[in-house]
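Keep the viewer handy and go through the points in order.

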Amino acid sequence: MYKTLTGIIAKRISTHLEALILQLVEQKECHTGSKGCKNQLMISKTIYEDCRRRNKNLSIARNDYQKAFDSVPHSWVEKSIELVGVNSKIVRYCKLSMEKWNTILILKTKREVMQSQPIQIRRGIFQGDSLSPLFFCIAFIPLTNELNRADCGYQVHGTERKISHLLYIDDLKLLGTNENELKNKMKIVQTVSKNMNMNFCSEKFARICLKRRSVQSKMHVGSTFDNDIKELDQRKA
């Protein structure tokens with residue numbers, strides 16, 4: 001019954017977002033008719049081929065979050081769905097529903113079965129629930145807005161807008177024309193992620209800067225975070 005109800009609500013919210021063009025193009029999950037990561041791969045390939053053909057500069061950074069679905073705070077989700085104009089009754093239902101989420105730990109031994117008291121879930125969203133991917137995408141709309149507000153990115157020849165970043169759930173790719181643009185975007189991601197109380201997966205954070213098709217060495221700066229970022233293989237960019 002819960003999954004049926006959340007499926008109906010998810011459909012209504014998706015329709016609302018599409019109608020108001022709030023389901024931003026950078027996020028390819030939860031888009032009606034989208035092929036998800038295949039779309040992002042095709043966009044990335046188009047950008048890379050345009051860069052090579054026109055002999056342009058291109059800087060890329062890839063990032064993933066630690067335990068993303070388990071970490072996003074309920075308060076951030078509630079505020080995000082409210083900010084995108086979801087009906088107040090649905091916002092209230094989502095809020096009250098999350099307040100009641102709990103789990104019970106069960107330990108079976110040879111002699112007995114031990115069971116904990118209900119443990120309230122204060123962070124994270126459910127895997128497999130219809131609303132969860134949508135909640136997650138909406139929670140990242142503030143990050144998309146801040147990155148687009150920076151007004152920098154890569155512009156494919158013949159298109160009208162710059163592509164500042166690409167998202168598929170929590171997989172984030174930042175795009176720029178030089179390392180300074182890339183570092184500026186990384187600072188934005190750091191700031192918003194800190195406000196969300198979400199952490200990067202440092203092993204998956206990598207960057208690459210191409211200048212006239214040639215890979216440029218990373219500029220070392222005072223920030224430990226910047227210096228710890230690995231170099232991305234050109235074939236995996």
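1. Surface first. The protein chain exposes about 14,000 Å², and carbon and sulfur atoms supply 52% of that. Accessible areas here come from the Shrake-Rupley method with a 1.4 Å probe, and for residues only the protein chains shown count as cover.

2. Some ground rules. This is a predicted model, where local features need pLDDT of at least 70 and side-chain atom pairs count only at pLDDT 80 or more, while totals for chains, interfaces and linings use all residues. Residues are numbered from 1 along each chain as its sequence is written, and side-chain values use heavy atoms, with hydrogens and water left out.

3. The overall make-up. The protein chain has 9 helices and 10 strands; these are DSSP runs numbered from the N terminus, with helices being H or I of at least four residues and strands E of at least two. Of its 237 residues, 42% are buried. Buried means under 20% relative accessible area, exposed means over 50%, and partly exposed is in between (1.4 Å probe, protein chains only). Take the contacts between residues at least 6 apart in sequence: 69% of them join residues at least 24 apart. A contact means heavy atoms within 4.5 Å.

4. Helix α7, residues 141-149. Which of its residues are buried? They are Ile141, Leu143, Thr144 and Leu147. These residues sit on the same side of α7, because they cover an arc of only 155° around the axis. (The arc is that of the directions from the helix axis to the C-beta atoms.) They pack against α6 (131-139), β6 (165-168), β7 (171-176) and α8 (179-196). Just past α7, Asp151 takes a positive phi of about 55°.

5. Helix α4, residues 74-83. The buried set here is His74, Trp76, Val77, Glu78, Ser80 and Ile81. Their cover includes α5 (88-99), α6, α7 and α8.

6. The aromatic rings. A search of the whole structure turns up 4 aromatic pairs. Rings of Phe, Tyr and Trp (its six-membered ring) pair if their centres lie within 6.5 Å; planes under 30 degrees apart count as stacked, over 60 as edge-to-face and the rest as tilted. Phe69 and Phe136 are a stacked pair, because their ring centres are 5.1 Å apart and their planes are at 10°. Phe69 is in helix α3 (residues 68-71) and Phe136 in helix α6, so the pair ties together parts that are 67 residues apart in sequence. Both Phe69 and Phe136 are buried. Ring pairs also link Tyr65, Phe69, Phe136 and Phe140 into a cluster.

7. Tyr168 has Asp171 in β7 as its bridge partner. There are 2 residues between β6 and β7, and Ile169 in the turn has a positive phi of about 55°. Asp170 also lies in this loop. Is Asp170 buried or exposed? Asp170 is buried, with a relative accessible area of 12%. Not counting residues up to four places away in sequence, Asp170 touches Asn63, Asp64, Tyr65, Ala68 and Phe136.

8. Cysteines. The structure holds 0 disulfides, going by cysteine sulfur atoms within 2.5 Å of each other. Cys137 is buried at 3% relative accessible area, and Cys152 is buried at 8%.

9. Most residues other than glycine have a negative phi, and most peptide bonds are trans. Asn55 has a positive phi near 60°, lies in the loop between α2 (37-54) and β1 (58-63), and is partly exposed at 32% relative accessibility. Lys67 has a positive phi of about 45°; Lys67 lies in the loop between β1 and α3 and is exposed, with a relative accessible area of 65%.

10. Ile43 is partly exposed, with a relative accessible area of 24%. Ile43 and Leu166 are 123 residues apart in sequence and 8.9 Å apart in space, C-alpha to C-alpha. Leaving aside neighbours within four places in sequence, Ile43 is in contact with Lys28, Ile163 and Leu166.

Definitions and conventions:
Two strands pair if DSSP finds at least two bridges between them.
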